[in-house]
Each structure stands twice: as C-alpha cells, then as structure tokens.
Amino acid sequence: MSEYVITDFGIVAEENIVTKEIQKVIDQAAAAGGGRVIVPAGRFVTGALQLKDNIELHLLPGAVLQFSDDQKDYPVVTSRWEGVERAVYAACLYAFDAKNIAVTGFGTLDGNGEKWWQVFRHEREKLAYPRPMLVSFEGCERVTLKDFTCINSPSWTIHPQCCRNVTIDNLNIHNPADSPNTDGIDPESCQNVRIANCNIDVGDDCIAIKAGTEDTPQRISCENITITNCTMVHGHGGVVLGSEMSGGIKNVTITNCVFQDTDRGIRLKSRRGRGGFIEDIRIDNLVMERVLCPFILNLYYFCGPRGKERYVWDKTPYPVTEETPRFRRIHFANITARNVHAAAGFIYGLAEQHIEEVSFDNIAIEMAEEAVAGRPAMMSGIEDMQRRGFYIGFGDNLLFKNVSIRNHEGPAFTQEGCKDLRFVECQSLAPRDQAPLVYEQEVVTLETETL
C-alpha cells in the first residue's frame, strides 16, 4: 500500500485552517489509485474533509484532527437529517458513494462542538443548516472505522448511511452528557454492520439503528446488524431501534454489553404514520446499572414532527395501513439490571396492531432503594413511575420465563388489552407487596388529551 504523510504545516496556531492542504494529500492518493494517508502526531485544525475510493486515513498516536467551529468551513450537501432528505452541512469527515475506505489508528477526531451546541441551544436562528456530524459516510461500501477516539461531536458522532459492509471496532467516543443530539453510532438504512469493542459515553443515544421516516423518499431497510462487547454510559438509550424505521429494521443481535447510567437500556420506538417494522431482534447477555427503565417497546412515541397529533396518541384502534408500524419476534435473554428507577419494563403496542412474539428469559431486575421517579417511555397519557414492575399494553404472544423483580412497588406485571401472556417460574421479590403477581388493568379509551 502506498503511503502519503501529512507534513507538519498543521501544527500551528488554531486560527490557521489547513483544510485545503490536507484535502490535497487525500486527493493525490486517490488519483494514484488509493493508499494510506498518515496523520502524524500533532494538532491539525481543519474544516470538512472528504474521503475517496481506496483511502485509509491513519491517525498516529498523538495525532489530533481538530475541526473548525465556523460554519463557512463546511460545504452544504443534500443528505438525511433525522431521517429526512434536506440541505445540511457536510460532516467533519465525510464520503459519498465511495468504496474501500477506512479511518484507523490511535489518534483523535475532535469535533470542537462547544460553539455548535451553544448556537443550537440559544441562537438557533444563526444556524443556517443543521450541525455537521463528526463522521458521516453515505452510499459507501466496505467501510472500516477502527481504534481512534472521537470527542466533542457537533451532533451525531458516527453515521453510516445507506452503506454496505461496515466494520466499527474499538472506538472510544466521548461527548459531554448534556451535549445536544450527540449520538454515538447511528447506522441508518445500512446492511451488514458490525459494531464491536466500543466505549461510548455521549449526550444522546449511545447506539441508534435507523431506517428513515415516512418523509424519506427511498424506503431502505437497516438489516444484518451485530453489536457486541460494548460499554455504554450516560446516553438517553443504550441501544435504540427507531423511531426513524419506515424502511424497516431486521436481523439485529446485541450481545455481551454493559450499560451504566443510561436513561434507558434497550429501547424500541415508533408511532402511527411511520409504517415499517422492527423484527427478528436477539438481545443476550447484558448487564445494566442505574437505568431509568431497562426495556422499552413503545409504539406511541411522541417526539418529532406530528408527534403530538391525536393520530399518534389516540388509544382507539385505527385501520391497519402502510402507515402502521409493527414490532414482532423480539427476544431478550440472560440480562441483569440493578438499581432501576422507574419501571422494570414498558411494552405498549398499538390498539390496532399489537406487539407480537416477544420473550424474556432469565432476567433479573432489582429496583433502586432511593429511586428517582420518571416516565419510562416518551408517550402521552402516562405518569411518572417509581420502582414499578413491567407494564404491558396491547401485546400478543408474550413469554416471561424465569424473570425476577426485586424491591418493586405494586404488582410485578400489569397488563392492559393483551392476549396470550405466559409467565413461567417468575418471581416477585417484594415482601411489602400484597398485590398479585399479574394485575389486569381495564383498557381506557381517551376522548381528549392534555399535552
């Protein structure tokens, strides 16, 4: 492999932007058929950079690519933003329709996000286009991201979109816990993605699997995804599927992961209007600590455009159409969750299309002694919960086997409008609780809703 070394012109004062010089080295390597572009130790300040076919960007230990926080240093491109095609700022490091590309090495990508976050929070009218992501590759094939550190992303950190054969291995991703929309890794409408050995500590979802919204012209599924041996900290969700899932999400395995202080653990979310499906999901061998709720499957998710409309929150059955999302064949096994605050689990299907074929096997949940009340799911019509068991609404063919819930208040399981719930060797370990193991609640249809 040919090697091209970026020289020390970038190791200068921060006001000197060297985007053109770095891009020139990448372009020279691409013109020669590809090769490894080496970033030596030092701090290089740059605007957006574009990778091309057969390029490996290799960050040596001590190398830092620090990206500008000036909007003029980012070209405007058409891409997806939260599942919708629109004009956005190009990612700090981006590629379009490229093959055989990689970012490797033990250096750092610094998104320099503080100014971006402040403008988004307090002066959003000054943001001409949505904030850049740190790494976003669109329509690419054979992508490798390995060993480097990502910090302070302006928005989502790693975003492969409509890509095939993606390997993400041994990344360290850190964004402040209060930074807005700084997801860790978000594969969207991709096929054959492997995420392994990553440490993710961010201000939004740690890993979120997506497939576009009802406003995305092309319905492309996200499928054949494996997530293993990862640690998730502080995110809104450890691993999230949806709510952008109109193209469908299927064939996902999540194994051997640790979640600490994430708002929620495994979280599936969608709503009427989105259509699509989430199916054939296997989740095994997880440990969670200090989460609000370990398991959420919610088909009344209300965030985003049109999320507060009656069509979304109404519990009256609607006709099943192509706008009706579906969750089915989802299996959890061998999971421990300690110091849980709000609820052991929250499962709520649509009145007209229930969540189907879900199993929980060998699950141990212990509620926190000093639990903080909160809503387990972003859904209208529910109140804050504290140390509650599982709440199951509109579910069919659900199996709970060897599930234990300790130190909870009220029944271990509350069900509403379900069919074929099975409980095998389940335990309610709450000596103060005199309620039955399973409590059946009457289905209530709301005529009005206060949001």
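This is a predicted model: local features need pLDDT of at least 70, side-chain atom pairs count only at pLDDT 80 or more; totals for chains, interfaces and linings use all residues.
# A guided tour, stop by stop

Start by selecting arginine 387: with a relative accessibility of 9%, this residue counts as buried.

Residues are numbered from 1 along each chain as its sequence is written, and side-chain values use heavy atoms, with hydrogens and water left out.

**Stop 1: the loop between β30 and β31**

Stay with arginine 387, which sits in the loop between β30 and β31. Strand names here follow DSSP runs numbered from the N terminus (strands are E, at least two residues; helices are H or I, at least four residues). What is the phi of arginine 387? The angle is positive, about 55°, although the residue is not a glycine. Most residues other than glycine have a negative phi.

Now select valine 372, found in the loop between β30 (355-367) and β31 (388-393). Is valine 372 buried or exposed? At 51% relative accessibility, valine 372 counts as exposed. Beyond its neighbours within four places in sequence, valine 372 is in contact (heavy atoms within 4.5 Å) with Leu292, His341, Ala342 and Met385. Pick out histidine 341 from that list: 31 residues separate histidine 341 from valine 372 in sequence, and their C-alpha atoms are 5.5 Å apart in space.

**Stop 2**

Next, select serine 189, in the loop between β17 (172-174) and β18 (191-196). Serine 189 has a positive phi too, near 50°, and is a residue other than glycine. How accessible is serine 189? Its relative accessible area is 0%, which makes serine 189 buried.

Then go to glycine 242 and serine 243, which are joined by a cis peptide bond with omega at about -5°. Serine 243 belongs to the loop between β23 (237-242) and β24 (249-260).

**Stop 3: strands side by side**

Switch to a cartoon view and look for β4, β9, β12 and β15. These 4 strands form an open sheet in the order β4-β9-β12-β15, with parallel pairing. Two strands pair if DSSP finds at least two bridges between them. At the edges are β4 (49-50) and β15 (158-161), each pairing on one side only. Further in, β9 (residues 93-96) and β12 (residues 135-138) pair in the parallel sense over 4 bridges. Select tyrosine 94 to find serine 136 of β12 standing opposite.

Now turn to β16. How many bridges join β16 to β18? There are 5, and the two strands run parallel. Valine 166 has valine 193 in β18 as its bridge partner. β16 also pairs with β13, again in the parallel sense, over 5 bridges. To see one spot in this pairing, select leucine 145, which stands opposite isoleucine 168 in β16.

**Stop 4: charged pairs**

Show the side chains for the last stop. A salt bridge here is a side-chain nitrogen of Lys or Arg within 4 Å of a carboxyl oxygen of Asp or Glu. How many salt bridges does this rule give? The count comes to 29.

Aspartate 169 lies in β16 (residues 164-169) and lysine 146 in β13 (residues 141-146), so the pair ties together parts 23 residues apart in sequence. Aspartate 169 is buried at 17% relative accessibility, whereas lysine 146 is partly exposed at 30%.

Select glutamate 141 and arginine 142 next, whose side chains form a salt bridge at 3.6 Å, N to O. Both are partly exposed: glutamate 141 has a relative accessible area of 24%, and arginine 142 has 38%.

Continue to arginine 43 and aspartate 110, a salt bridge with its closest N and O atoms 3.8 Å apart. This pair links distant parts of the chain, since arginine 43 is in β3 (residues 42-46) and aspartate 110 is in β11 (residues 108-110), 67 residues apart. Arginine 43 is partly exposed at 37%, while aspartate 110 is buried at 8% relative accessibility.

Finish by selecting Glu214, Asp215, Arg274 and Arg306 together, which are linked in a network of salt bridges.

Notes: Buried means under 20% relative accessible area, exposed over 50%, partly exposed in between (1.4 Å probe, protein chains only).
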